[in-house]
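My notes are below, in the order in which I checked things.

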Amino acid sequence: MHAKRATTRRQVLKGGGAALVGLAAGAGTASGQTLRTTMPDNLARELMAYGRRSRYVETGRITLDNKVNMQMHGDPYGFDALTPLGEQMGIITPAPLHFISSHGDPPPDVDPAKHRLMIHGMVERPLVFTMDELKRLPSVSRINFIECLANRPQPGEERTLEQNHGLIGCSEWTGVPLSLLLKEAGVKNGASWVVGESLGRTQQARSFPLGKAMMDDTLVAYGQNGEPVQPHNGYPLRLVIPGFEGKFQLKWLRGIKVTDQPYVTYWEHSSFTRRERSPLGAYWEQGPKSVITHPAGGQRLPGHGYFTIVGFAWSGTGAVSRVEVSTDGGRTWQNAEIEGPALPMAMTRFKLPWTWDGSEAVLQSRCIDERGDVQPTPEEYGAFWGEYAAPHGNVIQPWRVTSVGRVLNAL
Amino acid sequence: MRCSVFAAAIVVACVGAVAAQGQTYNLGRAPTEEELNPAGAAIGPDGRGLPAGSGTAAEGALLYVARGCSQCHGPTGAEGPGPHLVGERGSGNPEYDAFYEGGNWQGRGIRNFMFATQIWSWINQGMPLNQQGFLTADEVYSLTAYLLHRNGIIEEDDILDETSLPQVQMPARGAFAYTPDHPAYSEWKPRMPRTRVR
């Protein structure tokens, strides 16, 4: 067997172009031998300094460039790009694949040597920090998801996993706790809110409760997955407010203003808090949520047999304690296995072995978080929030596997 | 003995609290006056921090054209192609309006802002696109007055300044659940009701 393989390879080396064809065919034969060709020397050297993925890996963010979405944010520059969730391995979303939701602000080109963060407003000592000074302060690294409040499954058979769920990513964020900076500046009595200020083109601002800012999990982050935050994700500084909806986690942070009232800025209230849609309007933490990422909408199963059902679960108020999966349209549920760490306000992987017999099946998952909150059905969600599937929808996502292996959105 | 230990503990606790008010790391510097009052500062509903200045709708009508607003928002603010600034409807693009429930997506229409200071702040911080900081405070007051007047919210000769602007009553004020005076917001604690659907 070995001898035979060696002969084949020698023949290939001698044979030039014609042999390459044979070689390609050989790759599919029983020998199963991966071909040993090498990267060009100059490219190999170039990639010694900063690596790049294999040229055979083409996973990318899914950009939405249709007219409606371009106009969604009120100007021709608004756009979204979705995390390719179906391709993600583990709980960390690579920074270049972390979703982007741009509200009219292309990433500013910031020289970190000139960047400053000012802590001001209702504080004893307003302070201005350089990036170097921020990095001298005790840093914290935490794995947290950031999810756009608009990330919600919507009906439509053809809607894919990413269309329904791609506005989420999970990174290890490194930075200084905002509470540390606020304590350095000394928060005055009577203060109750914090306003983040951005240096993006439209200088957007967002306010959130001081109580959350003083919890040690809220970070002024300069690091994402071991390197500087990428420009599209806020370089050189961004807010990470674990569990809160993404819109508060301001990118390109230049200021933190302590106040005694929320600023209710344009993008804070925008379309999101109409009383008729959500009597409570309380849109802070993302609810307990999960989605099966394989098999999932837009995918195709090659044939019946064994598959591992895999997916993500997360909760804005803590760790995921359990994920249940149903393969029969919600009649019965089984506990899925949690794979890897189940961290607070982080994407958590789950899996369940499944053998598909080739008949139609409906797969779905539901998340139960450490507080016992359970991901709702669409009916439960609607009874609570009203008919309109508001932003923030965290309903159970059913996927229908057809008898020919297509996976469709069954919402 | 017990009492004195208790008293000592209180003293320590107080000292601790005072110490916590001081700087621990002594990094950072005090901002300059200019840094503390940037032209593009975020302004809250009460208008604190608004710069001195004033303007009227009549002045704003001229500036609306002279400063190029009409190039994106249309000759009278209702034509686009940029977001419509006059009228209830957001865009005028039927596809877009259908997407957002008949154009009721209030991110666009001026009448759907909760506070007049938001309009001032949005123009001041974000407009004209790519030329932020181009408008003076007086011009921003005038343009705000123009848009409020065109939407039937103030009179043509009303003067907007740092005192009168925050007092303008916006028609959509009651339409939002998210308001500064709602206790659910000032008294935030982990796990607001919205995550407890069941």
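**Entry 1: the chains**

I noted at the start that the model is predicted. I began with chain A and found nine helices and 22 strands. Of its 411 residues, 48% count as buried. I then took the contacts in chain A between residues at least 6 apart in sequence, and 71% of these join residues at least 24 apart.

I went on to chain B, which has eight helices and two strands. Read along the sequence, the order in chain B is α-α-β-α-α-α-α-α-β-α. Chain B has 198 residues, and buried ones make up 38% of them. For contacts in chain B with a separation of 6 or more, residues 24 or more positions apart account for 59%.

**Entry 2: H3 and H7 of chain B**

I looked up how helix H3 (residues 57-66) of chain B sits against helix H7 (residues 137-150) of chain B; they pack at an angle of about 100°, and their axes are 7 Å apart. H3(B) is therefore roughly perpendicular to H7(B), since angles of 65 to 115 degrees count as such. From H3(B), the contact uses B:Ala57, B:Glu59, B:Gly60, B:Ala61, B:Leu63 and B:Tyr64. From H7(B), the contact uses B:Glu139, B:Ser142, B:Leu143, B:Ala145, B:Tyr146 and B:His149. I sorted the residues of this contact by class and got seven nonpolar, three polar and two charged.

I also checked B:Val65, which lies in helix H3 of chain B. Is B:Val65 buried or exposed? B:Val65 has 12 other C-beta atoms within 10 Å, so I wrote it down as exposed. I took one distance from B:Val65 as well: its C-alpha atom and that of B:Pro171 are separated by 26 Å, and the two residues are 106 residues apart along the chain.

**Entry 3: H6 and H7 of chain B**

Next I looked at the contact of H7(B) with helix H6 (residues 116-126) of chain B. H6(B) and H7(B) pack at an angle of about 130°, with axes 9 Å apart. The two helices are therefore oblique to each other. I recorded the crossing of H6(B) and H7(B) as right-handed. On the H6(B) side the contact is made by B:Ala116, B:Ile119, B:Trp120, B:Ile123 and B:Asn124. On the H7(B) side I listed B:Val140, B:Leu143, B:Thr144, B:Leu147 and B:Leu148. By class, the contact of H6(B) with H7(B) has eight nonpolar and two polar residues, and no charged ones.

I followed the loop between H6 and H7 of chain B too, and B:Pro128 is found there. The peptide bond that joins B:Met127 and B:Pro128 is cis, with omega about -15°.

**Entry 4: the cores**

Which residues have the most contacts inside the largest nonpolar core? They are A:Ile119, A:Leu181, A:Leu182, A:Val194, A:Val220 and B:Ala116, in a core of 74 residues. H7(B) gives the most to this core, with seven residues.

I then listed what B:Ala116 touches, leaving out residues up to four places away in sequence: B:Thr144, B:Leu148, B:Leu165, B:Pro166, B:Val168 and B:Met170. Another core, of 39 residues, lies apart from the largest one; A:Ile62, A:Ile309, A:Ala361 and A:Trp399 are among its residues.

**Entry 5: backbone details in chain A**

I checked chain A for a cis peptide bond and noted the one from A:Tyr235 to A:Pro236, with omega near 5°. A:Pro236 lies in the loop between strand S11 (227-228) and strand S12 (238-240) of chain A.

A:Asn225 is not a glycine, yet its phi is positive, at about 55°. A:Asn225 is found in the loop between strand S10 (219-224) and S11 of chain A. It has 20 C-beta neighbours inside 10 Å and therefore counts as buried.

A:Met345 also has a positive phi without being a glycine, here about 50°. I placed A:Met345 in the loop between strand S18 (337-339) and strand S19 (348-356) of chain A. I counted A:Met345 as buried because 27 C-beta neighbours lie inside 10 Å.

Key: Residues numbered from 1 in each chain as written. Chains lettered and ligands numbered in written order. Predicted model: local features only at pLDDT ≥ 70, side-chain atom pairs only at ≥ 80, totals over all residues. Axes fitted to C-alpha atoms, helices over the stretch in contact; angles between N-to-C directions. Helix = DSSP H or I, 4+ residues; strand = E, 2+ residues; numbered from the N terminus. Parallel < 35°, antiparallel > 145°, perpendicular 65-115°, else oblique. Contact = placed C-beta atoms within 7 Å. Nonpolar A, V, L, I, M, F, W, Y, C, P; charged D, E, K, R; others polar. Core = buried A, V, L, I, M, F, W, Y, C linked by C-beta atoms within 7 Å. Left-handed = near helix turned anticlockwise from the far one by under 90°.
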